[in-house]
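Please look over the sequence and the model shown here, then read on.

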Amino acid sequence: MKRLIEIAVKDKKIVLFIAVVIAVLGLYSYHIVPKQENPHIKVTGAVVTTIYPGASPQDVEQLVTKKIEDAASQLSQYQSIWSDSEKNVSIVVVLYKNEADIDKANQSLREKIDEIKDELPSACQEPKIDTDLAEVAGMMISLSGDHYTYEQLSSYGEALEDVVGEIDGIYKTELIGNVAKQVIVEVAVDRLNQLDISLDEVANLLYLQNLEVPNGAIENEREKIFVKAPALYQSLDDIENIIITVSAETGAVVKLGDVAKVYMGLQDDVKKCKQGQRNAVIVAGYFDEDKNILATGKKVREALEDIKKDLPEDLTLTESAYQPDDVERSIDDFLFNLMLGMLLVIIVIFMGMGFRNAVVVSLCIPFSIMITFILMNVTDVRVQSISLTGLIIALGIIVDNAIVISDGINVRYANGESKETAAINATASASVPIFTSTLTTVAAFAPLLFIGGDAGRFLASLPKVVIYALTASFLVAVFVIPPMLSMVIGEKNQKEKKEGVIKEGLLRLLKLGLKRKGITVMVALLLFAATIGLIMPRLKVAFFPKADKDLMYVDTFVEKVGDIRHTEKVANRIYELLSQEPEVTGVTTGIGTAMPRFYITIPFYPDREHYTRALLNFDLTKSDRFNTANELAIYLQEKLDSEAVGASATLKMLELTDPEASPVEIRLFGEDMTRLKDVAEQLENILKDMPATVNVKNGAGENTYTYIVDVDSDKASSMGILNSDVQQQLHIALFGNKDTVYRKAGKEYDIEVRSDIDSIGALKNLKIKSSITGQKVLLKQIADIKLEPQVDNIKRYNKKRSIFVTCDVKPGYSAVDVANDIEHQKLKDINTDGVKVVFAGEREQIANNFMSLGVMGIFILLLMYIILLIQFNSFIEPIIILITVPLSLIGSMLGLFLFRKPLSFTALLGVVSLMGIVVNNGILLIEYIKEAKKQGYCAYDACVNSVSLRFRPIMLSTITTLMGLMPLAVSDSDLFSPMAITLMSGLLVSTLLTMLVIPVIYMAVDRFGHKVRGSNKPQQGAV
C-alpha cells in the first residue's frame, strides 16, 4: 500500500489527470443513466381468465377455477395464487417467486394450462393468459369533448396514437375507450309468438343469408377469372328486408323488419372512458426503461403541442398522468437536498480547518460522487429517489477518511517532515485504520442488500450506492487527496474554533467518569434501559408511508352485476361526489375497465361490467382544509361510504411497495360459505364501530338473485319440447347471438340477435318452438320460474375458499393497535368454529420485516467483530468498540420521540446502518489509546489524551455527517425523514457518549487485566 501511495504522491500530474477523466466520465454516466421517480417493484405473475357462458359461480369454481389452480400450483416458480369465480367467468392470478425467471415461468404456465384444456367444460372459451402485469403506462392522455361521439373521438385518438408511437423511447401505445359498435336486431317477442318461427331460426336465417364462401373460378386455355358472389348485407335495409317466413294460408310474406328493430348500437360489454362527465378516449404510452425518460418526455411534450394546433377548439387534451414530470420533480428535489447537504458539509469543513486543506478535502465529495455515478451506470443502478437518498446518506461520511488523512499530514508536516514525506507517511500509517473503518461501515450496509420481499427490492439501491460512495471515498482519500495536499499544504492552523467550551466540558466529564467508572457505566446502562423501557414503547410503529404523489384512485364495484349502463350511472355519481371538493382538479374514469396501470404498485383488476376505476388528480393548495393527502383521502372515503349508494367504492392512495396490502387485513378460510360470511359480517361490524378505522371492506360477495327456470320434463316431453330447445332459445332471447357480421366502409360490425324481453312476465310468455313437432308453447306452460338467492362470487386464496376483511386507519391511530385489539379482545366474542382466522396486515409486515432487520443487525455486529478482531488482534477491544452501537440506539430513539416520528421500516434501517458509522469513532479512540500506551502513558493519561487529540477530527466528521443529512431530516418526506433523524440523533448522542464511555470501559478492563496479572499500577500494555 505504501508503495502505491508513494507513486501517487510523486506522480501528481498523472493522478490529477486521472481524477479529471473520472470526473468527466462521472458526469457522462449521470447523463446516460436512466431516470425514474422510484424503483420499480415489478409484479411477477400472470392472470388466467376463462369465460364459461351461463355458469353459476359454484359451477365456475368447481369445473374451471379449481382445475386451473391445480395446474398452476405445479409450477416450480409458484409462490401464491388467488382466484375469483363469478357468473360466467373464472379469474385466476398466479404470483411467482421474486427470483423466478419470468419468461420461463410464463411458458411453463401456458404448458400447464394447455394440458388441462380438455378437462374443462366444452362450453368454456379458450383460457386467456395475461402476462403483462409489470407494464406501467408512463403517460395517459385523454381526448374529450361535450358533443363528440366515441367514434369521432377514436379517430382523433388513433391519429394521436400514431404520432406518439413513432417517438424514440416509446415502445408501445394503446388506445382505450375506442367503443365498438354493432348491428342490433331486437326481436319483439309478442310479434314473434304469432309466427311459426323461433329466435334461433331467425338467427340462423341471418347467418345463411349473409354467408360468403369462395366461389371458385372460370378457367380456359387463355385465362383464369375468379368468381365472387358478395354477401347480401350492404345496408341495414338489406337486413330488415330479409324474408323470415311465409304464411301457409295466405302466402303473405313476413320480413325481419316486421317483427324486429334493426339499428346500430354499442356493444353490451363495451368499455368506456370519461374525462369528468364527457366522453373520452385515452392514449396510453409506455416508456422504454432503458432510455432517458426525461429526454423522451420532452419529445412527447413537443409532439403534443404540435397536435393541439390541429385539434378543434372544443376538443380537450388532458394529461391525466405524465411520468416524466413526476420523475423530473422527484430528481430535482433530491438533487437540491444533495447540493444543499454538500454545501453545508463544505461550510463545516472550511470552519474546521485551514482554507487550503478545506479546499482539497472538499474535493473528495465531487470526486467520490462521480465515481459512484460510474459504478451506478456499470451495475445498472438507476437515478431515482432511493439511490439519491443513498448518496445523501453517504455525503457526510465520504469526507471522514479525507479529514483523517489531512489531519495526519498536517501533524507530520508541522513536526518537521517535508510535504511529500508527510503526505506519504501520514497516509500509509492511516490507511489501515481508515480501511478498517470503511470496511466496518460497508459491513453495516452490505447485508441490507439481502432484505427480502417488496421492501427489500424497493430499497436495494440504497445500500449499493452507499457502498459505492464509501469505496470511492477511500480510494480518493488515499490516492488523490495526499498528492493534492502535498502541493498546497501550508502552516498548520493551530486555532481552536468554538470547540473550546465543549471540549473543556467533555474532558471534565471524562476525568470525572474515569474516577467514578462504576457510576459512569451505570448511568449509561440506565439511559439504555430507559430508552428500551420508556421511550420505545411510546413510539408509534409504522411500515411504509404512501407515495408522495398528487394522484389517488377509486375502485368501485357495483352491486348490480352485468349491466354496463348502470355501472356508468354509478361512475357519474362518483364523479359528482368527488368534483364537489375544491382540492379535486380532475377525474378520469374507466367504466368496465381499470384502464392501463399508471403506477407500478397499482393492483391489477381484469375488465368487468360492474367495475369502474377513477383516476383522481388533486391539489391540497386549493384550500386550507387538509394538511396532508392522507387527511383528504380519509375525508373523501367517508363521503363515498355515506353517499355512494348501490356500490362499494374504495379510495386508495398510491403505495410504495405492496399494492394489495391493507393496514388491517383479516383473512378467513373455510369451505362453508355461510359460516365464512357470518364471521366476516361480524368482523366488519366490529371494525366499523371502532373510532380508529375507515374504509372497512368485507370481501364476501353479495347474495344476488337469479331466476331459475325449472322445466317440467314430463310436460315438455309430452309437447315435443327438448331441453336443447329451451336452452338455445332462452340463450338467444336474453344473452344474444352473434353468428354473422355487417361490413361497411372497410369496417366490420357484429350482428347481434336478441329479444326485447325486459320483465319476468315477458319471459314467461316467450313461446318455445319444438325442434321435433314444429309447434310452439308458452314457456310458463312447461316450466316454473322461481327467484332464488345466489352467491355473487367465490374467492379463493392458495386454493382455499376465503374472505378478506380489511380497513384503513385514520391519522393518529396505529394499525398495530387495531389488529391487536381485534385479535386479543374482540375476536373472543365471535364463534369461529369451522373458520380459520389469519391476520396479514401492516402488523404482520412489520413483524416479518423488522425481524429480518433484527437478524441483519446481529449478522452485522458479528461481521464487524470479525473485522475488528483481525485489526486489533484482541478479543476484548472489538467488544469495547461495539459498545458504541447501543449508545447510538439511545440517541436514535430519543430523536424519533422528540420529533414525533414513527419507528418505521426506514427508521429501523437507519438504526442498523448507524452501526457501521458510530464504531468509527470507537476505532479512532482505541487506536490512539493504544498508541499512547506504547509511548509510555498510563491508561488514565492515554484515555484523556486520546479524547483531547481526537476531539476535533471526531467532531468534524460527526458534524459533516449531520450536515449532509440535515436537508433530508427537515424535508416533508415520510419515507426518509425518520431515517435521517434516526441517523443524526443516534450519531450525535453516540459521539458524545463514546468519548466518555469507551475510555472509561477501556480503563476498567485494562485495570482488571492488570489485577489478574498481579499488577495494581498499570503503566502500559494492551488489553
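Leaving aside its neighbours within four places in sequence, which residues is alanine 19 in contact with? The partners are Phe367 and Val480. The model is a predicted one, and the section after the overview returns to this residue.

## Overview

The protein has 1023 residues, of which buried residues make up 54%. Its chain forms 34 helices and 30 strands. Along the principal axes, the C-alpha trace spans about 130 × 80 × 60 Å.

Among contacts with a separation of 6 or more, 79% come from residues 24 or more positions apart.

## Two residues and their contacts

Alanine 19 sits in helix 2, which covers residues 12-32. It counts as buried because its relative accessible area is 4%, under the 20% cut-off. Besides the contacts with Phe367 and Val480, alanine 19 can be compared in position with valine 476: 457 residues separate the two in sequence, and their C-alpha atoms are 8.8 Å apart in space.

Serine 56 belongs to a loop, the one between strand 1 (45-51) and helix 3 (57-72). Is serine 56 buried or exposed? With 12% relative accessibility, serine 56 counts as buried. Once its neighbours within four places in sequence are set aside, serine 56 is in contact with Glu86 and Gln790.

## Helix 23

Helix 23 runs over residues 673-689 and has 17 residues. From its first C-alpha to its last it reaches 24 Å, close to the 24 Å expected at 1.5 Å a residue. At the start of this helix, a side-chain oxygen of aspartate 672 comes to within 3.0 Å of the backbone nitrogen of threonine 674.

The buried residues of helix 23 include Leu676, Val679, Ala680, Leu683, Ile686 and Leu687. What do the buried residues of helix 23 pack against? They pack against strand 20 (664-669), strand 21 (693-698), strand 22 (703-711), strand 28 (793-797), strand 29 (800-809) and helix 28 (815-824).

## Salt bridges around aspartate 326

Side chains of opposite charge can pair when their charged atoms come close. The count of salt bridges in this model comes to 53. One of them joins arginine 329 to aspartate 326, with the closest N and O atoms 2.5 Å apart. Both residues lie in helix 11 (residues 323-352), three residues apart, or about one turn of the helix. Aspartate 326 counts as buried because its relative accessibility is 10%, whereas arginine 329, at 42%, counts as partly exposed.

Aspartate 326 also meets lysine 549 in a salt bridge of 2.7 Å, N to O. This pair links distant parts of the chain, 223 residues apart: aspartate 326 is in helix 11, and lysine 549 is in the loop between helix 20 (517-535) and strand 16 (551-558). Lysine 549 is buried, since its relative accessible area is 10%.

## A salt bridge between two helices

Where do the partners lysine 930 and glutamate 877 lie? Their side chains meet in a salt bridge of 3.3 Å, N to O. Lysine 930 lies in helix 32 (residues 905-934) and glutamate 877 in helix 30 (residues 876-882), so the pair ties together parts that are 53 residues apart in sequence.

Lysine 930 is buried, with a relative accessible area of 17%. Glutamate 877 is buried as well, with a value of 1%. Elsewhere, salt bridges that share partners join Glu37, Asp326, Arg329 and Lys549 into one network.

## Cavities

Rolling a probe the size of a water molecule over the atoms shows where empty space is left. How many cavities of 30 Å³ or more does a search of the whole structure find? The search finds five. The largest cavity has a volume of about 230 Å³.

The lining of the largest cavity consists of 20 residues, and those nearest its centre are Asp400, Asn401, Ser437, Asn920 and Ser957. The elements that give two or more residues to this lining are helix 14 (400-414), helix 15 (419-445), helix 17 (461-479), helix 32 and helix 33 (939-970).

Note on methods
Residues numbered from 1 in each chain as written. Predicted model: local features only at pLDDT ≥ 70, side-chain atom pairs only at ≥ 80, totals over all residues. Heavy atoms only, no water. Helix = DSSP H or I, 4+ residues; strand = E, 2+ residues; numbered from the N terminus. Expected span 1.5 Å × (residues − 1). Buried < 20%, exposed > 50% of the residue type's maximum accessible area, 1.4 Å probe, protein only. Contact = heavy atoms within 4.5 Å. Polar contact = N/O pair within 3.5 Å; in protein donor to acceptor, adjacent residues only side chain to side chain. Salt bridge = Lys/Arg side-chain N within 4 Å of Asp/Glu carboxyl O. 1 Å grid on protein atoms, 1.4 Å probe; cavity = no way out; pocket = protein on both sides within 12 Å on 5 of 7 lines; lining within 4 Å. Points joined across faces, edges and corners; volume = space filled by probe spheres on them.
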